[in-house]
Amino acid sequence: MNVPKLTEEQLKAVFSPEAMARAEGVVGQLQDCTVKNGDLHAKIKGNHGSYNVTLRTSQTPLQVDCQEKSTENGTCTHVAALGLSYMYTPWV
């Protein structure tokens, strides 16, 4: 299994300081966390339901995907929380 390495510097290069700060409050609220082909996948409960989120660590820079379409340009708290949760409590 390809276990991705992830650093806070990588996350800060993609996410705004505001998204990183909000993500701290969401860390650990993920469900169905998986690693596939070096990419992180999870489901997270948001204000308006649950969202499938992906953090593609196999890409440089990191690529993000969230079902909540209103989050763009490094503002997605959900994907930032996925990255922080993985760093703080690796699933493998």
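The model is predicted, and local features were accordingly taken at pLDDT of at least 70 and side-chain atom pairs at pLDDT 80 or more, whereas totals for chains, interfaces and linings use all residues. Residues are numbered from 1 along each chain as its sequence is written, and side-chain values use heavy atoms, with hydrogens and water left out.

Of the 92 residues of the protein chain, 40% count as buried, a term that denotes under 20% relative accessible area, with exposed meaning over 50% and partly exposed lying in between (1.4 Å probe, protein chains only). The protein chain exposes about 5400 Å², of which carbon and sulfur atoms supply 47%; accessible areas come from the Shrake-Rupley method with a 1.4 Å probe, and for residues only the protein chains shown count as cover. Among contacts (heavy atoms within 4.5 Å) between residues at least 6 apart in sequence, 55% join residues at least 24 apart.

The strands form an open sheet of 4 strands in the order β1-β2-β3-β4, with antiparallel pairing.

Strand pairing was assigned where DSSP finds at least two bridges between two strands. Antiparallel strands β1 and β2 are joined by 5 bridges; L30 has I44 of β2 as its bridge partner, and V35 stands opposite L40 in β2. These two strands form a hairpin with 2 residues between them, and N37 in the turn has a positive phi of about 55 degrees. G38 also lies in the loop between β1 and β2 and is buried, with a relative accessible area of 3%. Although G38 and T57 are 19 residues apart in sequence, they are 6.1 Å apart in space, C-alpha to C-alpha. The antiparallel pairing of β2 and β3 extends over 8 bridges, with A42 opposite V53 in β3 and K45 opposite S50 in β3; a hairpin joins β2 to β3 through 2 residues.

The largest nonpolar core contains 24 residues, among which L11, V53 and L55 touch the most other members; such a core is a set of buried Ala, Val, Leu, Ile, Met, Phe, Trp, Tyr and Cys residues joined through side-chain atoms within 4.5 Å. At least two residues of this core are supplied by each of α2 (17-24), β1 (30-36), β2 (39-46), β3 (49-56) and α3 (77-88), and α3 gives the most, with 6 residues. When residues up to four places away in sequence are not counted, L55 touches L6, L11, D39, L40, L62, Q63, V64, V79, L82 and G83.

Within helix α2, A19, M20 and A23 are buried. Seen down the axis of α2, its buried residues fall within an arc of 100 degrees, so they line one face of the helix, the arc being that of the directions from the helix axis to the C-beta atoms. On the other side of α2, P17, E18 and A21 are exposed. The cover over the buried residues of α2 includes α1 (8-14) and α3.

In helix α3, the position of H78 was also examined. H78 is buried, with a relative accessible area of 10%, and, leaving aside its neighbours within four places in sequence, H78 is in contact with I44, G46, Y51, V53, C66 and E68.
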